[in-house]
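Student: I would like to learn how to read a few features of a structure. Where do we start?

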Amino acid sequence: MQIYLPIAEVSVSIFLLFGLGALVGILSGMFGVGGGFLMTPMLFMIGIPPAVAVATEANQIVASSFSGVLAHLRRKTVDLKMGMVLLVGGLVGAAIGVQVFKYLKSIGQVELLVTLTYVIFLGLVGGMMFIESLNAIRKSKKTGVVGKKKRHNWIHGLPFKMRFRVSNLYISVIPPFLVGALVGILAAIMGVGGGFIMVPAMIYLLGMPTKVVVGTSLFQIIFVTAFTTLMHATQNHTVDAVLAVVLLLGGVIGAQIGTRIGVKLKAEQLRILLAIMVLAMCAKLAYGLLFEPSELYSLGAGGH
Amino acid sequence: MLRILSFSFALLAGAVAAQTEELVVDLSQNHVAITADYSGSEIFVFGAIKRDHPLPEGTAPLEVAIVVEGPLEPVTVRRKEKKLGIWVNAASVEVEEAPSFFAVATTGPLDEILTESMQADYAIGIDHAVRRLAHDSDNPDMESFNEAVTRIRVDSGLYSERDGIVHLTDETLFRASIQLPANLVEGDFSAKVFLIRDRNVISQTTVGIEVRKTGLERWLYNLAQDQALLYGLMSLLVALVAGYGASELFRLLKR
């Protein structure tokens, strides 16, 4: 069954869209990532104009993240206090990121920089997670118990300490604020929620327990993507309500299933799966940069 | 002298013959409605040729070409180049007049029924879909950018050229069915019908086609343009309600 999208101005299969939404929703619930870094390229592939894809997918992530957060709240796996600190940092970062984006646009190389940022960050984050979780799995096989992470590093020497009971942490607010700000900047430049950077940063930099990380990341993503949606709707008129509804119906159902799968899997397995996915997307983007494309030309809306 | 006389007489006769052949055209629909379940459509172009006198013996056979065209719009075309080992968008050009849709249907192969210059003059054939402008020649690369627009749009089904799909009966009645793709954009379209004889256009008629979004599609599009903040907030509300709904639904199912 075909459906005509009023803003994207193309006709696509409603089942294909629903399936895409569900797939990304499952990943979102499992890993606490918004899934934007997977959804955006997939929407391009089925012929949705890039501007519409980016804006609409932000709206869809609001829905799947909200659905996921509710499930995590019931399980008490959201650190609201930590989430608020990250969010304050995130909003500051997003405001800076929008300015950086504007500047890059004015010098005319925004697309290259976005792709390069993706390749670098996906590669770094994916590689680090993959190696770390592989070591953890090896260790747990040898000794029979999951290796305990180091809980003390330079981060614990910083001032402005605060107690985060849910995460079982007593650390300075500076690192989470900076993590939030960095993710906010990148989210504004890359047009995603930023969960794929947030989740590893929370695990490795802040030392938060993996189970709490997912819910807390989703909590912050809701606000960042809601902000992005409003910006796109008011400034670019590129949010497609029909596309969003179909994607989010698939997405919210997927997120519920994903959350249940995530609870059943071991933390190391969860991390290695996410690492593989992040690396695959990185390889795909790097391929596009390094090898000659079959069509050198691309079309965009005209007018200055 | 005699030669010139006979030549001008022939010209005159040709002109008279052209005038005596009048084109009558109609469409199956002058209005294409893009509804939520729109997935492509078909326009039936048909008509007849009215003549005051029967055709003289030995007249070349009649051919018909139909061009259905969307509104002319500017398009930004970018070209990738390898710089420091990676492929990046380098040159970009504004192609000012490219139709959003362009379909040519004819009674026979275009190059056989019409001269090259006539094809260019009347913009018949996908090679002439993108309009060449006088100042284009300032940029030696312009031709490759114009060709890229045509190539990409042919691949996505927006531009097409089909020989032999116009059926002509007794040099009097003609009909053709033109497919409109699913990725159609609204606007004022036109259907031009050309009568061709001796590889020259002897008569032409244009009929307008309105392509418009209707119903929910129209309402959402207008809201997104005119009430952007309201539209954005509405989109967020829908997202939150859907998220909450799914969460509650699964909680109930689990019990």
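Tutor: With surface patches. A patch is made of residues with over 30% relative accessible area and no salt bridge, and like charges are joined within 9 Å. Keep in mind that this is a predicted model.

Student: Which residues form the negative surface patch?

Tutor: Chain B supplies them: Asp111(B), Glu112(B), Glu116(B), Asp127(B), Glu147(B), Glu161(B) and Asp163(B).

Student: Where is Glu161(B) found?

Tutor: In strand β8 of chain B, residues 159–162. Its relative accessibility is 34%, so Glu161(B) counts as partly exposed. The label covers values between the 20% limit for buried and the 50% limit for exposed.

Student: Next, helix length. How do I judge a span?

Tutor: Take 1.5 Å times one less than the number of residues. Then compare the end C-alpha atoms. Helix α4 of chain B, residues 142–155, has 14 residues. From first C-alpha to last it reaches 20 Å, close to the 20 Å expected.

Student: What span should helix α3 of chain A have?

Tutor: Its 25 residues, 50–74, should span 36 Å at 1.5 Å a residue. The end C-alpha atoms are 36 Å apart, which agrees.

Student: How many residues of α3(A) are buried?

Tutor: 19 of the 25, so α3(A) is largely enclosed by the rest of the structure.

Student: And which residues are buried in α4(B)?

Tutor: Met142(B), Phe145(B), Asn146(B), Ala148(B), Val149(B), Thr150(B) and Arg153(B).

Student: Where is Ala123(B) placed, and is it buried or exposed?

Tutor: Ala123(B) sits in the loop between α3 (116–121) and α4 of chain B. Its phi is near 50°, a positive value in a residue other than glycine. At a relative accessible area of 11%, Ala123(B) is buried.

Student: What about Glu171(B)?

Tutor: Glu171(B) is not a glycine, yet its phi is positive, about 55°. It is found in the loop between β9 (167–169) and β10 (173–180) of chain B. With 23% relative accessibility, Glu171(B) counts as partly exposed.

Student: Last, sequence against space. How far apart are Pro176(A) and Gly251(A)?

Tutor: Count residues, then check C-alpha to C-alpha. The two are 75 residues apart in sequence and 28 Å apart in space. Pro176(A) lies in helix α6 of chain A, residues 174–190. At 0% relative accessibility, Pro176(A) counts as buried.

Technical notes: Residues numbered from 1 in each chain as written. Chains lettered and ligands numbered in written order. Predicted model: local features only at pLDDT ≥ 70, side-chain atom pairs only at ≥ 80, totals over all residues. Heavy atoms only, no water. Patch = residues over 30% accessible without salt bridge, like charges linked within 9 Å, V, L, I, M, F, W, Y side chains within 5 Å. Areas by Shrake-Rupley, 256 points an atom, 1.4 Å probe, with all protein chains shown as cover. Salt bridge = Lys/Arg side-chain N within 4 Å of Asp/Glu carboxyl O. Lys, Arg positive; Asp, Glu negative; His and termini not counted. Charge placed at Lys NZ, Arg CZ, Asp CG, Glu CD. Helix = DSSP H or I, 4+ residues; strand = E, 2+ residues; numbered from the N terminus. Buried < 20%, exposed > 50% of the residue type's maximum accessible area, 1.4 Å probe, protein only.
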